[in-house]
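Please read it alongside the sequence and the coordinates.

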Amino acid sequence: MKAIGKFILLSPEEFDSWLKMQKTPARDIRLVQLHHTYIPAYRHFNGDNHFALCEAMERAHLERGFAEIAQNFSTFPDGRIMVCRSMNKIPAGIKGANVNGICIENVGNFDKGKDQMTAAHRAVILSVTRALLSHFKLIPTDQSVVYHHWYDLNIGKRIKVEGTGLTKSCPGTNFFGGNTVADFNKNLLPLLK
Ligand SMILES: [Zn+2]
């Protein structure tokens with residue numbers, strides 16, 4: 001564990017202990033959002049710049065008018081996780097899914113043909129998502145774990161049919177085999193149970 005200011009860098013095991021020590025947030029948590037950062041991508045990670053990357057993301061988010069870094073947590077290619085924004089605070093992750101959400105940003109670009117997710121990264125995304133679901137007593141479904149891609153950016157609601165609405169590819173067209181609800185249910189959901 002290493003902390004600089006509010007940022008706390010943890011291994012997956014340390015994250016589980018950290019989470020157990022947290023008081024239940026006053027707000028009602030009902031879902032976990034999964035994102036990719038796009039930039040920074042894997043080429044920006046040098047194995048030792050977790051804090052610099054989070055500080056840079058925070059600067060970019062401040063410039064966009066956010067109060068602080070948007071996400072509650074960030075995960076890295078080496079399998080570590082950074083606590084970024086208090087869980088007590090509503091994240092700025094998905095228009096329409098923030099009030100009851102926890103936002104995880106996975107550092108990388110997981111669109112097809114871009115970053116190849118490392119085994120350590122894959123493992124931490126699964127372990128952190130599982131730990132949060134368990135902590136907040138949520139059953140893993142496509143309602144309790146959501147991808148940014150499933151929401152229309154303009155209206156801030158879930159799209160009803162894949163391929164409609166104005167959406168981002170986030171968390172990536174190759175994220176655990178694809179970014180659609182069907183991909184999630186086929187590929188990621190079984191790994192969360
Ligand atoms: Zn996103």
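Contact here means heavy atoms within 4.5 Å, and helices (H or I, at least four residues) and strands (E, at least two) are DSSP runs numbered from the N terminus. This is a predicted model, in which local features need pLDDT of at least 70 and side-chain atom pairs count only at pLDDT 80 or more, while totals for chains, interfaces and linings use all residues. Residues are numbered from 1 along each chain as its sequence is written, and side-chain values use heavy atoms, with hydrogens and water left out.

**Sheet**

- Seven strands form an open sheet with mixed pairing in the order S1-S2-S5-S4-S6-S3-S7, where two strands pair if DSSP finds at least two bridges between them.
- Strand S1 (2–4) and strand S7 (145–147) are the edge strands, each pairing on one side only.
- Neighbouring strands of this sheet are turned against each other by 25° on average, direction ignored; axes are lines fitted to C-alpha atoms, for helices over the stretch in contact, and angles run from 0 to 180 degrees between N-to-C directions.
- Strand S3 (residues 31–36) and strand S6 (residues 101–106) run parallel and are joined by six bridges, with His36 standing opposite Asn106 in S6.
- Helix H1 (residues 12–21) packs on the sheet, where it touches strand S2 (7–10), strand S4 (73–75) and strand S5 (81–83), and its direction makes about 125° with that of S2.

**Helices H3 and H4**

- The axes of helix H3 (residues 119–135) and helix H4 (residues 181–192) come within 9 Å of each other and cross at roughly 65°.
- On the H3 side, Arg122, Leu126, Thr129, Arg130 and Leu133 meet Leu188, Leu191 and Leu192 of H4.

**Burial**

- Phe184, Leu188, Leu189 and Leu192 of H4 are buried, a term that means under 20% relative accessible area, with exposed over 50% and partly exposed in between (1.4 Å probe, protein chains only).
- Seen down the axis of H4, its buried residues fall within an arc of 105°, so they line one face of the helix; the arc is that of the directions from the helix axis to the C-beta atoms.
- These buried residues of H4 pack against S3, H3 and S7, whereas Ala182 and Lys186, on the other side of H4, are exposed.
- His35 lies in strand S3 and counts as buried because its relative accessibility is 1%.
- Not counting residues up to four places away in sequence, His35 touches Gly93, Ile94, Cys103, Ile104, Glu105, Asn106, His148, Cys170 and Pro171.
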